[in-house]
Amino acid sequence: MNPWPAENAVADDLEPLVALESCCFSEPWGRESLAFPRHAALEESLVVRFPATREPIGFLRYRVAGDEAEVLRLAVHPGWRRRGVGTSLLAEGLRRIARGGGRRVFLETEASNAAARAFYRAFGFLEISRRRGYYRAGTEDAVVLSFHLQEGGTR
Ligand SMILES: CC(C)(COP(=O)(O)OP(=O)(O)OC[C@H]1O[C@@H](n2cnc3c(N)ncnc32)[C@H](O)[C@@H]1OP(=O)(O)O)[C@@H](O)C(=O)NCCC(=O)NCCS
């Protein structure tokens, strides 16, 4: 059994997710981005909770458009990494995307983010391009990754 089931985020998760963002990213999303996605109808947010307290320890947000989807955010609290939380979130997100007709998933991450690149590589994502100077006022490259979904399954 998956010890880290992913479920839909709810309104009460907002403050814990603000805190989670600030301990996971140097440029964290604020309340507005977390609470009011610009394309709410197309976006979905999942969390994994610490069972004893129900506090979110991991967060995924993705956007679907036709048969393509984009992972917008994935974060696991530093104290809970390397236990499968990120894998559970991404696997559930990809299952939902596939069920909704998505066939290809994209995301971008900082070229220097070795942990994220190793994580996505382990999952089966392929690095398809590099965007020079995409982050931090042109000082940091982005790597673009993609994953092909099969009908009815993710891996
Ligand atoms: C990337 C991130 C989401 C991974 O979450 P996680 O819960 O630690 O990932 P998992 O435990 O499911 O890891 C699955 C596999 O990915 C790989 N992996 C994950 N983190 C890794 C790291 N720091 N170094 C090398 N490989 C790593 C490993 O193969 C791992 O399997 P293993 O632990 O059995 O060796 C997490 O490190 C994080 O929140 N980072 C900060 C935010 C971020 O960079 N988000 C992604 C930007 S798009």
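Tutor: Helices here are DSSP runs of H or I with at least four residues, strands are runs of E with at least two, and both are numbered from the N terminus. Keep in mind that this is a predicted model: local features need pLDDT of at least 70, side-chain atom pairs count only at pLDDT 80 or more, and totals for chains, interfaces and linings use all residues. Residues are numbered from 1 along each chain as its sequence is written.

Student: How many helices and strands are there in the protein?

Tutor: There are 4 helices and 7 strands. Along the sequence they follow the pattern β-α-α-β-β-β-α-β-α-β-β.

Student: Back to H3, then. How do I read a helix?

Tutor: An α-helix has 3.6 residues a turn, so residues three or four places apart point the same way. For the 15 residues of H3 that gives 21 Å, and the end C-alpha atoms are 21 Å apart, which agrees.

Student: Which residues of H3 are buried?

Tutor: A residue is buried if 20 or more other C-beta atoms, placed from the backbone, lie within 10 Å of its own; it is exposed if 12 or fewer do, and partly exposed in between. In H3 the buried residues are Val 85, Gly 86, Ser 88, Leu 89, Leu 90, Gly 93, Leu 94 and Ile 97. They pack against strands S1, S2, S3, S4 and S5, and against helix H4.

Student: And what should I look for in a strand?

Tutor: In a regular strand the side chains alternate between the two faces of the sheet. Two strands pair if DSSP finds at least two bridges between them. S3 runs antiparallel to S2, with 7 bridges, and antiparallel to S4, with 8 bridges. On the S4 side, Tyr 62 stands opposite Val 71. Because 8 of the 10 residues of S3 are buried, S3 is largely enclosed by the rest of the structure.

Student: Which helix gives the most to the shell around the ligand?

Tutor: That's H4, with 5 residues. In total 19 residues surround the ligand, and the closest include Gly 86 and Ala 115; a residue counts as near if its C-beta atom, placed from the backbone, lies within 6 Å.

Terms used: The expected span of a helix is 1.5 Å times one less than its number of residues. Two residues are in contact if their C-beta atoms, placed from the backbone, lie within 7 Å.
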